[in-house]
Amino acid sequence: MEGVDLLILGAGWTATFLIPLLQQHPDSLTFAATTTTGRPVCGIDTIPFRFDPDSKDPTPIANLPRARYILITFPLTGKGQSTWLTETYQATHPQTPSQEKYRFIQLGSTGIWQVEGRRKRHGAKSPEEQQAEREARAKAEAEQAAAAAAAKNNKKPFSFTTRHSPYLTTDPRAIAEDELLASSVVDGMVLALSGLWGGARDPRNWVSRVAFSKEALRHKTSLHMIHGLDIARAVFKIITTCEDEKKKEGGEKEKKKKKWEEHGKGQRWMLTDGFVYDWWSLLMGWATEGQEDGEPREQAKWVMELMEEEGVQALPRSMELMGRAYDSREFWRTWGLVPVKARVGVNAP
């Protein structure tokens, strides 16, 4: 199978933004993509591939094309999955000693910086199970809020969370990401994504799931988002920057470290659109969304009641009050980009 510059493992939602961007620059990068069924995505055929972490058969990985960059769009979890995928790929696509290591980019989640970490999902759940989980979550959040209030006098000064902040190292996704970043066989990089939106993913459709009760809404604070187009632009910029730099080799030697060596290999980046959204503020802005009679939905009424109960005079609430705020400026500054799809609720999906 012919080699490519970029192999997209898992051409799902992210690929619906990345593939069109790659198609707009046909002379920039060659690429291939996989799906579990080999279905066409954005008009291109894909390679059938399903990653089975419990299988020790290298054949599916061996059948993948050789690529300089491999983008993993699906989550890897726990110990061993990253190692199996990357080392099997390297073993079945041998290189000469003079060739550079394969470069793997894993799409991760900013959820590893949340105190409670990510909640593991195990397939689709019934509406009853989902409601039970929501109620349990609301109860747990209420208990956490009560504990936080009790410890208010000992509260640490507010500070933004950056990619350098402590994270939950026991989170299954963090474990797999750390395994990739520490690999000596391949080069690994992680793009930790905040809430995904764009295309079919519209946060306005999440209202009834997120704010299913007034008590659940009471404990909804900040939200961080990143649009699929900006994810695609980030991936494209990283690869083209590093490849353009490589093409210039042979001319005047650079005194500074190469971009991939300094900012790619072994790095975990945090991606948001630069905004910290207030759930209450968003719900007020969407008060009449989907309301045929033009009257505000129940969640907007709850927000007004909660503002009275909690002594919130105006929206959005302050960073200090919401308690969680991500600062992702370093990524955009380092890679010379600016988000083009910021401001959820104003930009169309």
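Which residues point one way from E5, and which point the other way? In this predicted model, Arg 103, Ile 105, Leu 107 and Ser 109 point one way from E5, while Phe 104, Gln 106 and Gly 108 point the other way, and all of them are buried. Strand E5 is accordingly mostly covered, with seven of its seven residues buried.

The pairing of E5 can be followed to two strands. E4 and E5 run parallel and are joined by four bridges, and Leu 71 has Ile 105 in E5 as its bridge partner. E5 also pairs with E6 in the parallel sense, here over seven bridges, and the bridge partner of Phe 104 in E6 is Gly 188.

From Ile 105 the view widens to the core. In soluble globular proteins, nonpolar side chains tend to be buried together. The largest nonpolar core here has 37 residues, of which Ile 105, Leu 191 and Phe 331 touch the most other members. Among the elements that give two or more residues to this core are strand E5 (103-109), strand E6 (187-193), helix H8 (228-247) and helix H13 (329-334), and H8 gives the most, with eight residues.

Phe 331 shows how such a member is surrounded: leaving aside its neighbours within four places in sequence, Phe 331 is in contact with Leu 191, Ala 234, Ile 238, Trp 269, Met 270, Leu 271 and Leu 337.

Terms used:
Residues numbered from 1 in each chain as written. Predicted model: local features only at pLDDT ≥ 70, side-chain atom pairs only at ≥ 80, totals over all residues. Heavy atoms only, no water. Core = buried A, V, L, I, M, F, W, Y, C linked by side-chain atoms within 4.5 Å. Buried < 20%, exposed > 50% of the residue type's maximum accessible area, 1.4 Å probe, protein only. Contact = heavy atoms within 4.5 Å. Pairing = 2+ DSSP bridges.
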